[in-house]
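Welcome to a guided walk through a protein fold. Have the sequence and the 3D view side by side, and look up each residue as we reach it.

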Amino acid sequence: MNTFEVKEEFLLNGEPFKIMSGAIHYFRIAPDEWYHSLYNLKALGFNTVETYIPWNIHEPKEGEFQFSGGQDIAKFVQLAEELGLFVILRPSPYICAEWEFGGLPAWLLTDHKMRIRSSDPLFIEKVTNYYEVLFKIIAPMQINRSGPVIMMQLENEYGSYGEDKEYLLALYELMHKHNITVPLFTSDGAWEEAQTAGTLMEKNVLATGNFGSKSKENFERLSSFHEAHGKKWPLMCMEFWDGWFNRWNEEIIRRDPEELAEEVGEALKIGSINLYMFHGGTNFGFMNGCSARGRKDLPQITSYDYDALLDEQGNPTEKFFSVQRKVHELFPEIKQLEPLRKKTLEPTSVSLKEKVSLFSVLDLIAHHRWSKYPMTMEALQQNYGYQLYQTTVTKNLTEQFYRVIDGSDRIHFFLNEQKLATQYQEEIGDKIFGTPVKEDNQVTVLVENMGRVNYGHKLLADTQHKGIRSGVMSDLHFLYGWDQYSIDFSKINHIDYQREWLEGTPAFYRYELVVEELGDTFIDLHAFGKGVVLINGFNLGRFWNVGPTLSLYVPASLLNKGVNEIVIFETEGEWASEIKLEKRPRYKKM
């Protein structure tokens, strides 16, 4: 039986072991691409892969669990083992990770009494139900049960959120109840306040630090914290930030490869390391997270390239080779390999086949529910994406004003299918002027959930309830009698493109791409405004012409030889009769 222990050093089968790990999130990479990324981690000379496990993709609806396809964590771990990699798992209820709501399922928000990330029995009950299923899958993969998993995380950066030790203890007891016997760890900022609040020292849960530079200084602080609690533990940076994530309408963040390699070398001389990220991947679908700055939410972009050692495709960057050379310099005995590179399609163009307005196909693409006053997206079980609200107002030949009260995150307001306003965040609630000249006039509000906050105090804020929270006012009174349409992108095959297309309204645009040989590609979307792209029914994620990215990545494994259907849902009325597919991503000059 193999063993892994935390003593004064990490011990693998009783022998000292330096963890040289890289983060690869299986949920941000198409399953057929997992091997490529894991192989390249091995090629770097590293011995371990780390991944979070996001609760929201494994229990998207309460009591309904998914662990196949892109959610097959067991297959990902098995592939790592076959390549000779050990595995660090981070299955905590909350993961941050620039992921929607920090990995917490949005359906938790339907219980307004629940306090998440706390010892609240209501929250612990939901975690317990999830863990009962999850740990049946991952517990057998522990190293002392002949698997590759050497450690698991208790909670993630809790010291930057709370200090409820009863909560941490409840998670500890749940993990042990479900036969987790490998060492547990917490990961927080290396400074004393974060470590004090976020750790569970009395249960010998290893305290690790997160940082991306000044390794000597940060490891000294972490070591001092260990010693102050009577521990002489090995030092590990659980998240060595080698790049950074990006937000809409902000410049791409880059880091010098040689400077990074020097910093990684300094960390490896002192302790163990997990590169965050080794391969970032993509926030497919509606899973991008959101930063919070003061009162303003700042959603992150679809690409999670992270300026990591592998680019969004999974191909090696200059950072890869710089760090690989540094590893060889420090540990010449470690075997390194030539990394794999993916094939990319030659540039091509495809022409528009059909288009149709969203308003014309609501009955085909959405789930309908009526209520007297608007309901939030969570109450409508529409946790992600778009929600459309409609009601009628009577004729009035003078100009009226309307206001959407407490809406999140971005709205389009229409009167009789004519757009009167687009509002976002601090603009929502401002007056919208229009004249209802018909006997019965249709008011339509399309709301986009642009991603829930994944870090900090706003995890508890009402703003994480999406859609319309209070109502819509005409003059000084609330309107009532609402038809609500939850747009379901799994139903795009039901769309009838023979129905009417209305200029300037949200619409679907269908293209066909013919492929003879498979390869990666990037869809250039610079001519479009804002929306999402689906290829062969798979939601690639959001685009927005504010940048910094103006394209979306398409993995080869999502394509078929022959005809491929591309459907673009666009909300601003900006579109093109032809789209281009390129070999590289397109960026906006900021």
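## Charges first

For counting charges, Lys and Arg are taken as positive and Asp and Glu as negative, while His and the chain ends are not counted. Each charge is placed at NZ of Lys, CZ of Arg, CG of Asp or CD of Glu. On that basis the protein has 61 positive and 83 negative side chains. The centres of the two sets lie 1 Å apart.

## What kind of model this is

This is a predicted model, where local features need pLDDT of at least 70 and side-chain atom pairs count only at pLDDT 80 or more, while totals for chains, interfaces and linings use all residues. Residues are numbered from 1 along each chain as its sequence is written, and side-chain values use heavy atoms, with hydrogens and water left out.

## The whole protein

The protein has 10 helices and 31 strands. These are DSSP runs numbered from the N terminus, with at least four residues of type H or I for a helix and at least two of type E for a strand. The radius of gyration is 25 Å, close to the 25 Å that the globule rule gives for 590 residues, so the protein is as compact as a globular protein of that length. Here the radius is taken over C-alpha atoms, and the rule is 2.2 Å times the number of residues to the power 0.38. Along its principal axes, the C-alpha trace spans about 80 × 55 × 40 Å.

Of the 590 residues, 62% count as buried. Buried means under 20% relative accessible area, exposed means over 50%, and partly exposed lies in between (1.4 Å probe, protein chains only). The protein exposes about 22,900 Å², and carbon and sulfur atoms supply 47% of that area. Such areas come from the Shrake-Rupley method with a 1.4 Å probe; for residues, only the protein chains shown count as cover. A contact means heavy atoms within 4.5 Å. Among contacts between residues at least 6 apart in sequence, 79% join residues at least 24 apart.

## Two buried loop residues

Find Asn288 in the loop between strand S11 (272-279) and strand S12 (290-293). Asn288 counts as buried because its relative accessibility is 1%. Its side chain makes a polar contact with the side chain of Arg542, at 2.6 Å. A polar contact is a pair of N or O atoms within 3.5 Å; within protein, one must be able to donate a hydrogen and the other to accept it, and residues adjacent in sequence count only if both atoms are side-chain atoms. A polar atom of the Asn288 side chain also lies 3.2 Å from the backbone oxygen of Gln300. Not counting residues up to four places away in sequence, Asn288 touches several others, including Glu98, Trp99 and Met450.

Asp520 sits in the loop between strand S25 (507-515) and strand S26 (521-524). Asp520 is also buried, at 1% relative accessibility. The side chains of Asp520 and Gln313 make a polar contact at 3.0 Å. Beyond four places in sequence, the residues that Asp520 touches include Lys342, Thr344 and Tyr553.

## In strands and a helix

Val49 belongs to strand S5 (residues 48-52). Is Val49 buried or exposed? Its relative accessible area is 0%, so Val49 is buried. Leaving aside neighbours within four places, its contacts include Ser21, Leu38 and Phe76.

Gly407 lies in strand S17 (residues 400-408) and is buried at 10%. Asn129, in helix H4 (residues 121-138), is partly exposed at 31%. Asn129 and Gly63 are 66 residues apart in sequence and 7.9 Å apart in space, C-alpha to C-alpha.

Most residues other than glycine have a negative phi, and most peptide bonds are trans. With that in mind, look at Glu98, whose phi is near 55°, a positive value. Glu98 lies in the loop between strand S6 (86-90) and H4 and is buried at 9%. Gln381 has a positive phi of about 60°, and this residue is exposed at 64%.

A cis peptide bond joins Tyr276 and Met277, with omega about 5°; Met277 is in strand S11. Another cis bond joins Gly547 and Pro548, with omega about 15°. Pro548 is in the loop between strand S28 (538-544) and strand S29 (551-554).
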